[in-house]
Amino acid sequence: MARQAALAKRYIDSFRFSFLLFESLYGQGKFKSVQLKQMLVSSDDFAEAIQHAINEWANRPAIKKPSETSALLAKSPDSQALISQRIEKRGRYFHGNIKKKGGWHP
């Protein structure tokens, strides 16, 4: 579903589906931000996957319209920094993004 949403340029839906998958696989039932961050950071498999994504991102061409995430990735963060940023974004993208001033739009 995440892949289908991304291909349909429904990026927030894609993020939601992807995040729910990560949370279910590696979150061990935690959903509060602090606890979820601890679980995701402590998962060797998840941290390795995130580090792999960071390394892959470094080999991509420059983005025409950078985002907060691409700016963070340009700084070569560790997996913990990226996990923290994604958990922070989760609240914005899961809870009424369109209604918020400055909400994200493709």
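Contact here means heavy atoms within 4.5 Å. Buried means under 20% relative accessible area, and exposed means over 50%. The model is predicted.

**Helix H2**

Start with helix H2, which runs over residues 11-26. Which residues of H2 are buried? They are Ile12, Ser14, Phe15, Phe19 and Glu23. These residues cover an arc of only 160° around the axis, which puts them on the same side of H2. Ser24 and Leu25 sit on the other side of H2 and are exposed. What covers the buried residues of H2? The cover includes helix H1 (2-7), helix H3 (33-42) and H6. Just after H2 comes glutamine 28, with a positive phi of about 50°.

**Helix H4**

Helix H4 covers residues 44-58. Its buried residues are Phe46, Ala47, Ile50 and Ile54. Seen down the axis of H4, they fall within an arc of 100°, so they line one face of the helix. Asp44, Asp45 and Glu48 lie on the other side of H4, where they are exposed. The buried residues of H4 pack against H2, H3, helix H5 (68-74) and H6.

| Helix | Residues | Expected span | End-to-end C-alpha distance |
|---|---|---|---|
| H4 | 15 residues | 21 Å | 21 Å |

For H4, the reach is close to the expected value.

**Where H4 meets H6**

Helix H6 spans residues 79-94. How far apart are the axes of H4 and H6? They are 9 Å apart, and the helices pack at an angle of about 95°. Angles of 65 to 115 degrees count as roughly perpendicular. H4 and H6 are therefore roughly perpendicular to each other. On the H4 side, the contact is made by Phe46, Ala47, Ile50, Gln51 and Ile54. On the H6 side, Ser79, Leu82 and Ile83 take part. By class, this contact has six nonpolar, two polar and no charged residues.

**Glutamine 85**

Glutamine 85 also lies in helix H6. Is glutamine 85 buried or exposed? Its relative accessible area is 11%, and the cut-off for buried is under 20%, so glutamine 85 is buried. Which residues does glutamine 85 touch? Leaving out residues up to four places away in sequence, glutamine 85 touches Glu68, Thr69 and Leu72.

Methods: Residues numbered from 1 in each chain as written. Predicted model: local features only at pLDDT ≥ 70, side-chain atom pairs only at ≥ 80, totals over all residues. Heavy atoms only, no water. Axes fitted to C-alpha atoms, helices over the stretch in contact; angles between N-to-C directions. Helix = DSSP H or I, 4+ residues; strand = E, 2+ residues; numbered from the N terminus. Parallel < 35°, antiparallel > 145°, perpendicular 65-115°, else oblique. Nonpolar A, V, L, I, M, F, W, Y, C, P; charged D, E, K, R; others polar. Expected span 1.5 Å × (residues − 1). Buried < 20%, exposed > 50% of the residue type's maximum accessible area, 1.4 Å probe, protein only. Arc of directions from axis to C-beta.
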